[in-house]
Amino acid sequence: MDRIDPALEDIELELFVRALRQRHGYDFGHYAPASLRRRVRQLVHAHDTGTISALTGRLLHEPEFVFEVIEGLSVPVSDMFRDPPVFRALREQVLPLLASWPRINIWQAGCASGQEVYSLAILLEEEGLYDRCQIYATDFNPAALRRAQEGIYPVRAAQAWSRNYQEAGGRHSLADYYSARYEFIKLDQRLRRNVSFANHNLVTDKVFCEAQLVLCRNVLIYFANPLQDRVLGLFRDSLVRGGFLCLGLRESLDFAPSAADFTALDADLRIYRRNVFSASDGAA
């Protein structure tokens, strides 16, 4: 991308965001500006449009092009058992408490390509809870959802994922849960038996389900503060009283309007529990 006047680029970026919202219904207006600018520049380079304006032109006049744009803007990156201490804490601190519910709904928001969904399914299976669980795995990126449903990943990642699994307190070998062929691994389809994949946009959509556990890790870091506050409120409203929220290690409830409705179960690992009595109950 050629050097461009920053003020002119600001205008181009604003028009791009407006076109994406009005033409296709995807609202990136409250995404962190620096992250959004970087990803749009990458799209300009990847599609050799030269300018953001030319990228916007394709977005307006080529209906199918939006899927490539969304793919570039969302950049779904994840690993199985990413941040193993978090999964160990879920295993040891959260799942025993979830066991008190006869049925357990779990919302994995921003599931990307599904690695953390399958990690969670393995955790639940090993703790004897999976048969009374339903995992709702959502993302707004159709291509990422397709990959998640397939459960097929490069074999080169398996060694690191196996280490993560063991550090997260794995009871077996991760290889027990997949088959390897050529350059790929395919996760056992039995892990999908209680998973429902669905398209859901955290920016524009409402509460997805009533849940005992909501996980949304490494998504809020791409949102500006007003959007973070909205999404955290959405998670609060989705959780039953006493339910749990797990965020990414670079994310926090600190200073969010909904913070008063939660108590930290493990502040360092960003695991919170919705209070049985909310901050607003006293005013009722």
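Start with the open sheet: select its three strands, which run in the order 3-5-4 with antiparallel pairing. The edges are strand 3 (152-154) and strand 4 (178-181), each of which pairs on one side only. Look at how the strands cross: neighbours in this sheet are turned by 30 degrees against each other on average, direction ignored. Keep in mind as you click around that this is a predicted model.

Now zoom in on strand 3 and strand 5 (residues 184-187), which pair in the antiparallel sense over three bridges. Pick Y153 there; which residue is its bridge partner in strand 5? That's I185.

Next stop, a loop. Select S113, which sits between strand 1 (104-109) and helix 6 (115-126). Is S113 buried or exposed? S113 counts as buried because its relative accessible area is 7%, and the cut-off for buried is under 20%.

Then go for the nonpolar interior. In soluble globular proteins, nonpolar side chains tend to be buried together. Here the largest nonpolar core has 47 residues, and F81, I106, L124, I135 and F197 are those with the most contacts inside it. Center on I135 and hide its neighbours within four places in sequence; what is left in contact with I135 is I106, V117, L120, A121, L124, Y130, N194, V195 and S196.

Technical notes
Residues are numbered from 1 along each chain as its sequence is written. This is a predicted model: local features need pLDDT of at least 70, side-chain atom pairs count only at pLDDT 80 or more; totals for chains, interfaces and linings use all residues. Side-chain values use heavy atoms; hydrogens and water are left out. Two strands pair if DSSP finds at least two bridges between them. Helices (H or I, at least four residues) and strands (E, at least two) are DSSP runs, numbered from the N terminus. Axes are lines fitted to C-alpha atoms, for helices over the stretch in contact, and angles run from 0 to 180 degrees between N-to-C directions. Buried means under 20% relative accessible area, exposed over 50%, partly exposed in between (1.4 Å probe, protein chains only). A nonpolar core is a set of buried Ala, Val, Leu, Ile, Met, Phe, Trp, Tyr and Cys residues joined through side-chain atoms within 4.5 Å. Contact means heavy atoms within 4.5 Å.
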